[in-house]
Amino acid sequence: MKKSVITGFFLSLFLTFSCSKSDDFSIPNTVDPDPDAGVEVQDFMWKAMNFWYFWQSDVENLSDTNFPNTPEGSAIYTEFLSSESDPGKFFDDKLLFSEDRFSFFSEDYVELTQSLAGISKSNGLMFGLARQTANSSELYGYVQYIVPNSNASTKNINRGDLFTGVNGTTLTDQNYISLLFGDSDSYTLNMANIVGENAESNGEDVQLTKEVGLKENPIFMDEIIEIQDSKIGYLAYTGFTNEYDEQLNTVFGRLKSSGVNELVLDLRYNPGGSVNTAVLLSSMIYGTNSKDVFLKALYNEKYQKVLDDSDTELRRFFAEKTGKGTAINTLNLKKSIRLNHNRNCLCQ
């Protein structure tokens, strides 16, 4: 498998900044390892994170002064890269800033890029986990939503349902990863009901199977609610996925033509995604004045010096058109209600 790495300069939601000056910018003053050492992946990681990583100055192993560009420095650098043969552990243990919640290592770049496009191997069950009691090691799962046209959508399981076990084994904080995220493509959930203060098995089972290439449209639900003189649009949006920008614009066209004057934007199960899609969605809500600044980005000191205040990587503006040139349907709202992502959403 080819290996890839996403590092902290992507900063959560903002995964797809376009390049401008950096297109032809090379990383300066870096030393190369022994070509026979077999540390190409670790070398790529260190060099990329030494220049781009938001927390570069906070990680001692990424310091510019560690490895001088000399034969002696090359030997020291090679020894450092070889100190961990597993690239994933090298990334986690040697390079990752302790407070970084956003960066991760992926072994399969195809799977990674597909997941950013809303395509995954999944049974379509999105769920959260909670402890039975505050000090208990036992867990229960609760269904947050079901992806349409998935394996789970064909089974007797719905939003709000509970489960306490997998394949007859009670869920705990020690085994839930192996039970729910193991190598097996199929498993059986042991369903439950609330009895008193705990979730207890109700004797019902639901078998689920992961399927390759499940496509999740992030526009999970949109509707219009009329209350007295208000027309309130509701949008449950599960990911800033640019492949669905045109459909998103169509939804806002329908809200606009229906006279919606308030909006509830439900981002509870949204893990982030494309910056450009975030720009477009905000333009559909707020307005399309392309002179208004949507965001001003902050990079690490090293890359910040490459840019100037007029650079498009530092500032992003509200948009008039989608990436395909379609005029944006905007509600021009000054007031909206946002439901934040307040629980971890897990999926299989």
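Predicted model: local features only at pLDDT ≥ 70, side-chain atom pairs only at ≥ 80, totals over all residues.
User: What is the bridge partner of Leu 162 in β8?
Analyst: In β8 the partner of Leu 162 is Ala 192. Residues are numbered from 1 along each chain as its sequence is written, and side-chain values use heavy atoms, with hydrogens and water left out.

User: OK, and how many bridges do β6 and β8 share, and in which sense do they pair?
Analyst: Strand β6 (residues 162-166) pairs with strand β8 (residues 186-195) in the antiparallel sense, over 4 bridges; two strands are said to pair if DSSP finds at least two bridges between them.

User: What joins β8 to β9?
Analyst: Strand β9 (residues 198-209) runs antiparallel to β8, and 9 bridges join the two, with Ser 186 standing opposite Thr 209 of β9. They form a hairpin with 2 residues between the strands, and in the turn Gly 196 has a positive phi of about 70°.

User: Ser 201, then: buried or exposed?
Analyst: Ser 201, which lies in strand β9, is exposed because its relative accessible area is 52%; the classes are buried under 20%, exposed over 50% and partly exposed in between, with a 1.4 Å probe and protein chains only.

User: What does Ser 201 touch?
Analyst: Not counting residues up to four places away in sequence, Ser 201 touches Thr 164, Met 191 and Ala 192, where contact means heavy atoms within 4.5 Å. Ser 201 and Gly 165 are 36 residues apart in sequence, yet 8.0 Å apart in space from C-alpha to C-alpha.

User: Where is Asn 167, and what is its phi?
Analyst: Asn 167 sits in the loop between β6 and β7 (169-170), and its phi is near 55°, a positive value in a residue other than glycine. Asn 167 counts as partly exposed because its relative accessibility is 47%.

User: Switching to helices, at what angle do α1 and α3 pack?
Analyst: Helix α1 (residues 40-52) and helix α3 (residues 87-95) pack at about 35°, with their axes 10 Å apart; axes are lines fitted to C-alpha atoms, for helices over the stretch in contact, and angles run from 0 to 180 degrees between N-to-C directions.

User: Which residues make that contact?
Analyst: From α1 come Val 41, Gln 42, Met 45, Trp 46 and Met 49, and from α3 come Pro 87, Phe 90, Phe 91 and Leu 95.

User: What about Gln 56, buried or exposed?
Analyst: Gln 56, in the loop between α1 and α2 (71-81), is buried because its relative accessible area is 9%. Leaving aside neighbours within four places in sequence, its contacts include Met 49, Leu 62, Asn 300 and Lys 302.

User: Where does pLDDT stay under 50?
Analyst: It stays under 50 over residues 1-25 and over residues 342-348, pLDDT being the predictor's confidence in each residue, from 0 to 100. The chain averages 87, and 86% of the residues score at least 70.
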